[in-house]
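Here is a short note for someone opening this model for the first time. Please read the points in order.

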2 protein chains.
Amino acid sequence: MTNSRDNAIDLGLLLPFQISQLNSALNAQAKVIITRYGDLNLAQWRIVRVIALGIENTTTPVRKATGIDKSQFSKMLSTLEKKGYVVLHPNEEDKRQHVIELTEKARIAHERLGPVLDERQRHLVAALTEEELAVIYKAIKVMADAAQKTDFNIPISEMEEE
Amino acid sequence: MTNSRDNAIDLGLLLPFQISQLNSALNAQAKVIITRYGDLNLAQWRIVRVIALGIENTTTPVRKATGIDKSQFSKMLSTLEKKGYVVLHPNEEDKRQHVIELTEKARIAHERLGPVLDERQRHLVAALTEEELAVIYKAIKVMADAAQKTDFNIPISEMEEE
DNA sequence: TTGAAAAGGTGGAAAAGTCAACAATCAAGT
DNA sequence: ACTTGATTGTTGACTTTTCCACCTTTTCAA
């Protein structure tokens with residue numbers, strides 16, 4: 001079938017590379033599913049979902065929760081507004097921010113797409129045990145921390161061979 | 001309305017999202033390191049690396065091994081050629097493809113940057129055990145395969161129950 | 001051998017993401 | 001109240017990435 005689509009993953013190359021490959025595959029998958037069910041892109045869907053699940057409903061917390069750059073977040077939010085998925089209200093507690101309210105349209109979209117993506121999530125981890133999943137979550141956290149460091153000074157002795 | 005999805009959020013079960021975040025962090029890290037050592041970007045470096053390691057040396061296999069989109073690969077390769085990192089030779093076996101040869105410049109770049117990225121790799125996984133790493137490699141493979149499926153049609157019965 | 005289908009590569013357009021400047025707002029100390 | 005510095009969001013220019021339509025070459029089968 002279509003498994004072993006890359007020799008790259010089988011070759012046991014570097015971990016960041018494999019994660020990048022995996023991320024690409026997951027992105028492509030999500031994109032196909034999401035666009036099949038409506039006119040939202042991935043970033044817009046994440047915004048809708050965070051609000052629909054009641055996690056956050058003001059701009060900055062939503063932005064932080066979705067992990068989207070503030071510039072792009074501003075653009076995505078305004079297109080969401082233009083498309084009629086959200087209504088923006090002034091936030092009395094902090095007049096720089098907005099309170100985001102989902103419209104009926106957004107709620108319907110979420111009701112349709114949410115279960116599909118839940119099913120996808122189950123499918124993704126179906127072959128993994130609870131213990132393995134725990135390891136993965138830990139590893140993600142560990143590596144995300146480790147990704148902050150950028151100064152890897154190689155000892156001179158190692159660099160001499162030129 | 002409240003179902004297991006809520007716990008899923010609390011448990012941090014949004015795996016594709018976390019992988020995406022992790023990938024962003026790793027990409028940013030790699031970008032800083034690579035640009036500090038030269039004028040290659042991440043995709044170009046990967047091409048150089050696959051060839052330098054002797055894994056492949058013709059266009060399509062290199063492209064598959066690096067996992068780069070064929071359009072972007074074409075562009076990256078031509079800029080690599082312009083910058084003097086590679087020389088392209090016609091491939092007699094398949095005249096659509098090229099044989100890629102690294103120049104001395106590319107070899108020197110690889111000698112310099114390779115050890116630094118190896119050090120980075122060690123740093124990334126320093127907090128993980130061998131067993132955990134094995135789990136991660138397995139999980140990446142499993143999920144990359146699972147990411148190929150895009151038809152998650154929710155049975156009508158399931159939609160009514162929940 | 002020839003014609004259709006598949007694969008490789010190219011270039012342009014569109015989307016996504018990045019960056020810097022700016023204005024409004026807030027927080028906090030004076 | 002007033003100043004200072006930090007946060008937030010918006011905008012426009014810019015770069016990078018992704019997508020798609022097209023052309024050439026190869027492959028395969030009749």
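The points below cover the chain contact and then the salt bridges.

1. Ground rules. This is a predicted model, in which local features need pLDDT of at least 70, side-chain atom pairs count only at pLDDT 80 or more, and totals for chains, interfaces and linings use all residues. Residues are numbered from 1 along each chain as its sequence is written, chains are lettered from A and ligands numbered from 1 in the order in which they are written, and side-chain values use heavy atoms, with hydrogens and water left out.

2. The interface. Chain B gives 64 residues to the contact and chain A gives 68 residues. Contact here means heavy atoms within 4.5 Å. The two chains bury about 6,600 Å² between them, with 66% of it on carbon and sulfur atoms. Buried area is the accessible area (1.4 Å probe) that two parts lose on being put together, summed over both.

3. Polar links across the interface. Eleven residue pairs are in polar contact between chain B and chain A, both residues at pLDDT 80 or more. A polar contact is a pair of N or O atoms within 3.5 Å; within protein, one must be able to donate a hydrogen and the other to accept it, and residues adjacent in sequence count only if both atoms are side-chain atoms.

4. The chain B side. Helices α1 (4–10), α2 (15–37), α3 (42–52), α4 (59–66), α6 (104–124) and α7 (130–146) of chain B each supply at least two residues of the side that touches chain A. Helices are DSSP runs (H or I, at least four residues), numbered from the N terminus. The largest share, 16 residues, comes from α2(B). By type, this side of chain B has 35 nonpolar, 13 polar and 16 charged residues. Asp, Glu, Lys and Arg count as charged.

5. A bridge between chains. Two salt bridges link chain B and chain A. A salt bridge is a side-chain nitrogen of Lys or Arg within 4 Å of a carboxyl oxygen of Asp or Glu. E132(A) and K138(B) form a salt bridge, at 2.7 Å from N to O. E132(A) is buried at 14% relative accessible area, while K138(B) is partly exposed at 36%. Buried means under 20%, exposed over 50%, partly exposed in between (1.4 Å probe, protein chains only).

6. Bridges within chain A. The count over all chains is six salt bridges. D94(A) and R96(A) form a salt bridge at 3.0 Å, N to O. D94(A) is buried at 18% relative accessibility; R96(A) is exposed at 72%. R122(A) and E119(A) also form a salt bridge, at 3.2 Å between the closest N and O atoms. R122(A) and E119(A) are three residues apart in helix α6 of chain A, so about one helical turn separates them.
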